[in-house]
Every structure is written in C-alpha cells, then in structure tokens.
Amino acid sequence: RAVRCAGKVLDKLPLLWKTACGIAVWLLLDILCMVNAHDSEFLIVLLVVNVLLGLFLLYLAYCLRVLQKGGEALANGDMDSRVDTRGMFGDFRRHGEHLNAAQLGVQKAVEARMKSERMKTELITNVSHDIKTPLANIRNDAEAALRNESDKDAVLANVCESCDLLLSAITTNAEIATISSGLCRANRELVNVADEITQAAQLFRFVADAKHQVLETQIQDEGLLVLAHRLHIQQLVGNLLDNAVKYTPEGGRIRITASRKAG
C-alpha cells in the first residue's frame, strides 16, 4: 500500500521533479555501494542498478524519439500518422495522447476550412449561373429596342421583369449562403410547388421566346404542397428551367410537368 501511494504521489509530480528524484535515488545507491566497496554484494547491487538505469535511459530515449517523430509529422501537416502510445506510461503517454488530439483538431480545422472554400466556390458559381439569364434578357431587349424591332413598352416591361428576377436571384443566393454556413437555420414552411413552377415559367418565357422555343406547363394537381425552404425550391426550379432553355435547340419544345407520386 505504501508503494502504491508513493507511486500515485510520484505520478502527480512534474517530469522535472520526477527526473530529479530518480537521479537522487541513483546517486544515493551509488554512494552506498562505494562506501561498502569491500562488500561484493554491494558491488553486484551497483552493477545491477547501473544496468537497469542504462536500460531505462534507452527506454526514455525511445519514447522521446517516438514523440519527436509525432511532432515532426504534425509540423509537416501529415494528418494520417499518429503517435503509438503503447508501451508508454505517465507523462510520455499523456504527451503522446495530446499530440494525437492536436492532430485530430488540426485535421478538423483543415476540413472545416476546405468546406468553407467549397461553399464560397459554389456560391460564386450559383450567383453567376442565376444572374446570367436575366442579364441576357436585358441585353436582348435593349438591342431589340435600339433596332426598333419591338414595342418599347413591351421591352420596358420585360426589362423590369428581368431586373426583378436578377435581384431575386442575388437575394436568394445570399440567403442560401447564410443558411448553408450555419449562421442561421432554414425556416421550413408549406410551399406550393405548382405556384413556384408557374411563376418560374412566366419569368423564363421571355428567354424561351427569344430562342423561338415553346414553353408548356402541365400541372395535374394545383395543391402540390411540400415542407421545405421556399428559397431552395425557387433555386431548384430556376436551375432546372435555365438548363432546359439553354440546352434545348431553337424552335424546340420544353414541357414542364408536375404531379403527385407516393404521397
């Protein structure tokens, strides 16, 4: 019981004091052996103590080398290698576990940074994708007005409609970026998908007319309600329609259908 209590007390001491205690015990044994040098038993004890001390120093050197390699790997950004704490004890084991914890923390920070960079790239891509169509509409209407090929009142109405679509796209992407970054939560509500499709089709009809495309909507049920975030549904429908208009050849037909399936 006394040895266990002494071990617990020694374990709570800092590493420097532990080392000092070990050196003091070793020097005390050496002094006792030198005082009793005429006794062969003390010489044997001195030999055994020095051999054990040498082995212990080799063990300490091994532990320090393992910890050193772990620190070097962490400094070099190697997130896969971990410090093997098997066979270690006391402060060496705790230090190795701290290095592993720091490595895991750095890995999580790097992953969060990469996720943030991907979100920024996606935001830029989405904004570019969503504002391209209304800007093209405004340009086409302006060129038509300059050539006096269309009614200026109708062109002005189309330009205003395209400006509204442009502002809506920018606002939508900004709010979606805020939600995706975790700064605020998406408030889900009952969204009528049929209404969103009808409104999006009206906005994209100007683009389809410019390419002489026929845009049809076939909604079997006007009460297509889903529990979702309205901005996400608007962006989803808008991106689908934009791709449809973009990749359908001139004079082609685009049919939008919406129906209820499996609830």
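The legends below describe close-up views of a predicted model.

Local features are taken where pLDDT is at least 70 and side-chain atom pairs where it is 80 or more, while totals for chains, interfaces and linings use all residues. Residues are numbered from 1 along each chain as its sequence is written, and side-chain values use heavy atoms, with hydrogens and water left out.

**View 1. Overall layout of the protein.** The protein has seven helices and four strands, in the order α-α-α-α-α-β-α-β-β-α-β from the N terminus. Helices (H or I, at least four residues) and strands (E, at least two) are DSSP runs, numbered from the N terminus. Of the 263 residues, 27% count as buried; buried means under 20% relative accessible area, exposed over 50% and partly exposed in between, with a 1.4 Å probe and protein chains only. Contact means heavy atoms within 4.5 Å. Among contacts between residues at least 6 apart in sequence, 74% join residues at least 24 apart.

**View 2. The largest nonpolar core.** A nonpolar core is a set of buried Ala, Val, Leu, Ile, Met, Phe, Trp, Tyr and Cys residues joined through side-chain atoms within 4.5 Å. The largest one holds 20 residues, of which Ile 197, Leu 215, Ile 219, Val 237, Leu 241 and Ile 256 touch the most other members. Two or more residues come from each of α6 (193-210), β2 (214-219), α7 (230-247) and β4 (253-258). Helix α6 gives the most, with eight residues. Leaving aside neighbours within four places in sequence, Ile 219 is in contact with Ala 194, Ile 197, Thr 198, Leu 224 and Ala 258. A second, separate core has eight residues, including Cys 63, Val 66, Leu 67 and Val 83.

**View 3. Packing of α6 against α7.** The axes of the two helices come within 10 Å and cross at roughly 35 degrees. Axes are lines fitted to C-alpha atoms, for helices over the stretch in contact, with angles from 0 to 180 degrees between N-to-C directions. On the α6 side, the residues in contact include Ile 197, Ala 200, Ala 201 and Phe 204; on the α7 side they include Ile 233, Val 237, Leu 241 and Val 245.

**View 4. Glu 196 in helix α6.** Glu 196 lies in α6 and counts as buried because its relative accessible area is 7%. Its side chain makes a polar contact with the side chain of Arg 230 at 2.7 Å. A polar contact is a pair of N or O atoms within 3.5 Å; within protein, one must be able to donate a hydrogen and the other to accept it, and residues adjacent in sequence count only if both atoms are side-chain atoms. Not counting residues up to four places away in sequence, Glu 196 touches Val 191, Arg 230, Ile 233, Gln 234 and Val 237.

View 5. His 212 lies in the loop between α6 and β2, and its phi is near 55 degrees, a positive value in a residue other than glycine. Most residues other than glycine have a negative phi. His 212 counts as exposed, at 56% relative accessibility. Thr 248 is in the loop between α7 and β4 and is buried, with a relative accessible area of 14%. The side chain of Thr 248 reaches the backbone oxygen of Ala 244 at 2.5 Å. Residues up to four places away aside, Thr 248 touches Lys 211, Gln 213, Arg 253 and Ile 254.
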